[in-house]
Amino acid sequence: MKDVSGIKEGEKLLLKWKGEGVAVLEASSMYKPNKVVEAKDVYGTSSLEHPTVLSLIQETGDYYIGGNLHGIKSIAFPYPVQTPADVRAMLPEGKPVVAFQNRNPIHRAHFELLVCAQRDVKDSILLVHPTCGPTQPGDIDGVVRISTYEALNEETKQKFPMFRWAYLPYSMKMAGPREAIQHMIIRKNFGATHFIIGRDMAGTKSTITGDDFYGAYDAQETGKKFEAELGMTVTHYENMVYVGPEEGYVQ
């Protein structure tokens, strides 16, 4: 928030989305954060050339309020979303579930990666679970992305009945390896046992020089480092490359 002078600790605050109350927050703590330190700890950089760091410094309020949160109703998103319970209910019991996270329309190399992952994890279900909230400047709008997913699902569902599709109302932070860990935790809550991490997951570039903020395989290595602790198995792919009509896509 920009100003907390009218708020006392212990008060209950009604949180609204487009004019509708969706949750109540018990204001048990209020403080002014050091955003430079926060950016360095969360994103690995305090550079304003990182798009989310820039948003943190320029757009996020000067004060943070924390406390117990009580939901009232789900936000009415402009696209269909599913709760963890909803997604778990559509997954068959006793089968491994390989989750795929992405923030863009699925191109051909992406789809071949999904086919490989489902084949590599024996007798598995492939959960396509893209994020549909805001991502970074220049990305395609979430509502448009959903229409591409729906079209691809319709086109491929007979040939790939082991695929399941669901949508996550989540705003990408482009935090590289740390965000990969967050996505693993989220997908475990949705019923996944495996998680695909491709090249440069949740990565971003300098808005000035175009240089990468994270290494191409940093997210993979971080995911593998913590997979045992998280109870999730990383299914990693370095690059899918088309080599011709006979062999198709290989990594």
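Colleague: How many bridges join β6 to strand β7, and which way do the two run, parallel or antiparallel?

Modeller: Keep in mind that this is a predicted model. Here β6 and β7, the latter covering residues 125–128, are joined by four bridges and run parallel. For one of the pairings, look at phenylalanine 100: its bridge partner in β7 is valine 128.

Colleague: Which way do the side chains of strand β6 point, and are they buried or exposed?

Modeller: The general idea is that side chains in a regular strand alternate between the two faces of the sheet. In β6, which spans residues 97–100, Val97 and Ala99 point one way, while Val98 and Phe100 point the other way. All four are buried, with buried meaning under 20% relative accessible area.

Colleague: What about the protein chain as a whole, how many helices and strands are there?

Modeller: You'll find seven helices and 12 strands. The chain has a radius of gyration of 20 Å, close to the 18 Å from the globule rule for 251 residues, so it is as compact as a globular protein of that length. Of those 251 residues, 41% count as buried.

Colleague: And what share of the contacts with a separation of 6 or more comes from residues 24 or more positions apart?

Modeller: In this chain, 68% of them.

Conventions:
Residues are numbered from 1 along each chain as its sequence is written. This is a predicted model: local features need pLDDT of at least 70, side-chain atom pairs count only at pLDDT 80 or more; totals for chains, interfaces and linings use all residues. Side-chain values use heavy atoms; hydrogens and water are left out. The radius of gyration is taken over C-alpha atoms; the globule rule is 2.2 Å times the number of residues to the power 0.38. Buried means under 20% relative accessible area, exposed over 50%, partly exposed in between (1.4 Å probe, protein chains only). Contact means heavy atoms within 4.5 Å. Two strands pair if DSSP finds at least two bridges between them.
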